[in-house]
Amino acid sequence: MPVMFWSAGAALLLAVVAALADRRRRLRHDPDRVGWVDWRTVQMAALLATILLVSIGLHTR
């Protein structure tokens with residue numbers, strides 16, 4: 001199913017964006033400033049979604 005692979009690609013893109021945002025958060029000048037998004041959790045969830053969607057896409061082929 002191509003929909004599963006497109007969704008997996010979107011989830012992978014979200015994981016890359018989350019990794020870049022987490023890197024930006026780690027390297028900021030004021031480390032005590034609190035952010036409102038836990039980017040590591042977002043990245044992990046997106047990577048898990050990518051793996052699951054690719055698995056489902058390959059299984060339904």
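Reader: Which residue forms a salt bridge with Arg40, and how far apart are the closest N and O atoms?

Author: Bear in mind that this is a predicted model. The general idea is to look for a side-chain nitrogen of Lys or Arg within 4 Å of a carboxyl oxygen of Asp or Glu. Here, Arg40 has Asp22 as its partner, with the closest N and O atoms 3.2 Å apart. This pair joins distant parts of the chain, since Asp22 sits in helix α1 and Arg40 in helix α2 (residues 39-59), 18 residues apart.

Reader: How many salt bridges does the count come to?

Author: Three salt bridges. Asp22 also pairs with Arg25, at 3.0 Å from N to O, and with Arg26, at 3.7 Å from N to O. Put together, Asp22, Arg25, Arg26 and Arg40 make up a linked network of salt bridges.

Reader: How many residues apart are Asp22 and Arg25 in helix α1?

Author: Three, and that puts about one helical turn between them in helix α1 (residues 2-26). Asp22 and Arg26 also share helix α1, but they are four residues apart, again about one turn of the helix.

Reader: And is Asp22 buried or exposed?

Author: For this one, check the relative accessible area: buried means under 20%. Asp22 is at 7%, so it counts as buried.

Reader: What about Arg25, Arg26 and Arg40: buried, partly exposed or exposed?

Author: Arg25 is partly exposed, with a relative accessible area of 31%. Arg26 counts as partly exposed too, at 48%, and so does Arg40, at 47%.

Technical notes:
Residues numbered from 1 in each chain as written. Predicted model: local features only at pLDDT ≥ 70, side-chain atom pairs only at ≥ 80, totals over all residues. Heavy atoms only, no water. Helix = DSSP H or I, 4+ residues; strand = E, 2+ residues; numbered from the N terminus. Buried < 20%, exposed > 50% of the residue type's maximum accessible area, 1.4 Å probe, protein only.
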